[in-house]
Amino acid sequence: MFELHTWMTDNGYKARQMAEESGLEYELKPVNIREKQQFEPAFLKISPGHKIPAIIDHDGPGGQTVTLCESGAILKYLGQKADNGLYPSDPVKQVEADQWLFYGSAQFTTLAQQYGLFWIRLGEEVPRAKEHYEGVMREMLGMYDQRLAENEYVIGDYSVCDIAVYPDIHIHGVNDIGLDDYPNVKRWHDAIEARPAVQKAWVPFG
Ligand SMILES: N[C@@H](CCC(=O)N[C@@H](CS)C(=O)NCC(=O)O)C(=O)O
C-alpha cells in the first residue's frame, strides 16, 4: 500500500491517473495547496520543494518504506512496480519511454504552466507573454500531433509517456486552445479520457 499526497492540479492528476492505472492499493492524502498545506513540515519531509504530488510507499524495494516526489519519477516508479506495461520492460523501449517521459514532465508541463499563468491565473494582461506562450503551446501540440499521426499513443502502446502530458492537454488543449487544429491529439485525448482509470482519477476530493 502506498500513500498518494496530492491535489487537483495537472501534476496531481498525473500521479492519480497512474495510481488508478497501476492497480496497486493506495490511499489518497489531500494536500490543499490553496491553503498552503504543502508547507507543513511533515509534507516538506517527503517533498522538500513543497510540490505535490508525492508518495510514501510502505512496501518499497526490499520491503523498505520509501518516499518520492516529482511526478515523472512517480510515474516511472509505479510503472516499474506495477509491471503492467505502462512502463516498458524492454530495455530499448525504456530508452524511448524515458525520453518522452522527461519531455512531458520537464518541458511540456513546465511550459504549459507558464501558458496557464499568463492566460488564466495572473489576473493582469501581459499580451507579449500571452502571445509567446500560446505559440509555444501550439508548437508542442503540433509536434505531438505529428507523432500521434504515426503512433496510436506516444510510444506506440499506452504508457507513462501519455499520462505525463494528458492532464495539461485536457486542461489547456481542450478548454483553452482547442484541439481542432490537432486531430490526432484530439483522437488520442478522447481515447484516454474514456478510460475508467482516468474517469476515477479526475473525481474531485479533499
Ligand atoms: N516538477 C514537479 C512540479 C510539481 C508542481 O508544479 N506542483 C505544483 C502543483 S501542479 C505545486 O505543488 N505547487 C505548490 C507550490 O509550489 O507551493 C512535478 O512534476 O511533480
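Me: In what order do the elements of the chain run from the N terminus?
Reply: The order is β-α-β-α-β-β-α-α-α-α-α-α-α. In total the chain has nine helices and four strands. Both are DSSP runs, numbered from the N terminus: helices are H or I with at least four residues, strands E with at least two. The model is predicted, so local features need pLDDT of at least 70 and side-chain atom pairs pLDDT 80 or more, while totals for chains, interfaces and linings use all residues. Residues are numbered from 1 along each chain as its sequence is written.

Me: What is the strand order in the open sheet?
Reply: The four strands lie in the order β2-β1-β3-β4, and the pairing is mixed. Two strands count as a pair if DSSP finds at least two bridges between them.

Me: Why do β2 and β4 count as edges?
Reply: β2 (26-30) and β4 (66-69) each have a single partner strand, so one side of each lacks a neighbour in the sheet. From one strand to the next the twist averages 20 degrees.

Me: How do you know that β3 and β4 pair, and in which direction do they run?
Reply: Four bridges join β3 (residues 54-57) to β4. The definition asks for at least two, so they pair. The two strands run antiparallel. Ala-54 stands opposite Cys-69 in β4.

Me: Where does helix α1 lie, and at what angle to β1?
Reply: α1 (residues 10-22) lies across β1 (2-6) and β2. It runs at about 155 degrees to β1. Such angles run from 0 to 180 degrees between N-to-C directions, with axes fitted to C-alpha atoms, for helices over the stretch in contact.

Me: Where are the domain bounds?
Reply: Domain 1 covers 2-86 and domain 2 covers 91-196. The bounds come from an automatic or database domain assignment. The C-alpha centres of the two domains lie 21 Å apart.

Me: How many residues of domain 1 are in contact with domain 2, and which element gives the most?
Reply: 13 residues of domain 1 are in contact with 13 of domain 2. Contact means C-beta atoms, placed from the backbone, within 7 Å. On the domain 1 side, α1 and α3 (71-82) each give two or more residues. α1 gives the most, with six.

Me: What makes the peptide bond of Ile-52 and Pro-53 cis?
Reply: Omega there is about 0 degrees. Pro-53 sits in the loop between α2 (41-46) and β3. Most peptide bonds are trans.

Definitions and conventions
Contact = placed C-beta atoms within 7 Å.
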